[in-house]
Amino acid sequence: MHFFSFQHILLFVAALIAGSINSVAGGGSFISFPALLFTGVNPIVANATNNTAMWLGALASASGYSAEIVTRRQQLLVLALVSLLGGMLGSLLLLITSAKFFGHLIPYLLLSATLLFNFSSKVTKSIQSYLPQWSKTKHPLGLLVVQFVISIYGGFFGGGMGILMLAVLSVMGLGNIHTMNAFKSCLGICINGIAIIPFMLAGIILWHQVVIMSTGAIIGGYLGAVSAQKLEPALIKRFVIFIGYGMSAYFFVTYPPFRITVN
């Protein structure tokens with residue numbers, strides 16, 4: 001297999017774009033995950049490989065978060081432990097899911113994640129209104145349970161996970177958007193990072209593709225961070241939403257909806 005095949009170029013470019021988008025608006029997996037499916041990779045293997053590649057890209061850009069979390073290390077530690085447990089459980093659920101069933105789930109997962117991304121501000125406000133304004137001293141357990149559920153979803157698929165975490169973090173009273181983004185990024189690294197362990201043990205990660213995609217994601221993340229001031233986040237978000245809906249429609253055709261048969 002030639003290193004510079006069309007498929008490898010496609011994966012590199014998709015990860016490059018995904019890394020750039022993640023550094024500005026988020027939602028890069030709407031591009032990188034389908035790219036793996038387009039190359040004929042099994043859906044579950046594609047999810048595990050994409051998770052690993054994007055995690056390495058995120059890890060490479062995590063050095064700037066320390067200043068935002070230094071005064072809230074105890075909160076972050078508790079949330080990180082919950083996130084690690086949930087991420088592990090979610091990845092194990094993925095491993096016991098058949099490739100055929102997960103394939104049928106893909107369009108629903110992509111569409112749900114796109115809707116979350118599209119209506120992120122409304123989703124955040126809804127969560128804040130349905131969840132009481134729990135403070136960190138009154139109801140930490142309830143918020144930890146919510147974060148645990150989000151982490152399970154993150155280990156299983158993860159699209160839109162960051163939006164849900166931002167909503168929970170705002171309810172916790174973090175307030176400052178930079179602090180919330182720092183927490184979200186660190187917790188996302190925990191969730192996706194712990195999920196890699198079961199994927200590695202199951203032998204479903206395509207490491208050659210990971211090297212290509214993580215390289216693209218790291219370069220894209222750097223370029224996105226450098227040019228962030230020149231880019232219009234709203235325009236990037238509209239582009240991601242367009243891709244998300246387009247990919248959802250494509251996979252609804254590729255993987256037809258579940259059929260219920262009556263005997």
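**Exercise 1. Aromatic pairs**

F38, Y250 and F251 are linked into a cluster by ring pairs. The model in which they occur is a predicted one.

Task: State how many aromatic pairs the structure holds, then classify the pair of F33 and F157 from the distance of the centres and the angle of the planes.

Solution. 
- Step 1. The count of aromatic pairs in the structure is six.
- Step 2. For F33 and F157, the ring centres are 5.8 Å apart and the planes stand at 80 degrees, so this pair is edge-to-face. The cut-offs used here are centres within 6.5 Å and, for edge-to-face, planes over 60 degrees apart.
- Step 3. The pair links distant parts of the chain, 124 residues apart. F33 sits in helix α2 (residues 29–38), while F157 is in the loop between α8 (140–156) and α9 (161–171).
- Step 4. Both F33 and F157 are buried.

**Exercise 2. A second ring pair**

Task: Describe the geometry of the aromatic pair F102 and F156, and find which helices hold the two residues.

Solution. 
- Step 1. Centre to centre, the rings of F102 and F156 are 5.6 Å apart, with 75 degrees between the planes; the pair is edge-to-face.
- Step 2. F102 belongs to helix α6 (residues 99–118) and F156 to helix α8, so the pair ties together parts 54 residues apart in sequence.
- Step 3. The limit for a buried residue is under 20% relative accessible area. F102, at 0%, is therefore buried, and F156, at 16%, is buried too.

**Exercise 3. The surroundings of F102**

Task: Which residues touch the most other members of the largest nonpolar core, and which helix gives the most to this core?

Solution. 
- Step 1. The largest nonpolar core has 66 residues, and among them F102 and I106 touch the most other members.
- Step 2. Helix α10 (residues 177–202) gives the most to this core, contributing nine residues.

**Exercise 4. Cysteines**

Task: Count the disulfides and check C186 and C190.

Solution. 
- Step 1. The sulfur atoms must lie within 2.5 Å for a disulfide. By this rule, the count is zero.
- Step 2. For C186, the nearest cysteine sulfur is that of C190, 7.1 Å away, and C186 is in no disulfide.
- Step 3. For C190, the nearest cysteine sulfur is that of C186, at 7.1 Å, and C190 is in no disulfide either.
- Step 4. C186 has a relative accessible area of 16%, so C186 is buried.

**Exercise 5. The chain as a whole**

Task: How many helices and strands are there in the protein chain, and where is confidence lowest and highest?

Solution. 
- Step 1. The protein chain has twelve helices and zero strands.
- Step 2. Of its 263 residues, 48% are buried. Helix α9 is mostly covered, with nine of its eleven residues buried; among them are M161, L164 and V168.
- Step 3. Taking contacts between residues at least 6 apart in sequence, 83% join residues at least 24 apart.
- Step 4. The accessible surface is about 13300 Å², and carbon and sulfur atoms account for 69% of this area.
- Step 5. Mean pLDDT for the chain is 81, with 80% of residues at 70 or more. Confidence is lowest in helix α4 (residues 66–69), with a mean of 60, and highest in α5, with 92. Where pLDDT is low, the predicted coordinates should not be read in detail.

Terms used. Residues numbered from 1 in each chain as written. Predicted model: local features only at pLDDT ≥ 70, side-chain atom pairs only at ≥ 80, totals over all residues. Heavy atoms only, no water. Phe/Tyr/Trp six-rings, centres within 6.5 Å; stacked < 30°, edge-to-face > 60°. Helix = DSSP H or I, 4+ residues; strand = E, 2+ residues; numbered from the N terminus. Buried < 20%, exposed > 50% of the residue type's maximum accessible area, 1.4 Å probe, protein only. pLDDT = per-residue confidence, 0-100. Contact = heavy atoms within 4.5 Å. Areas by Shrake-Rupley, 256 points an atom, 1.4 Å probe, with all protein chains shown as cover. Core = buried A, V, L, I, M, F, W, Y, C linked by side-chain atoms within 4.5 Å.
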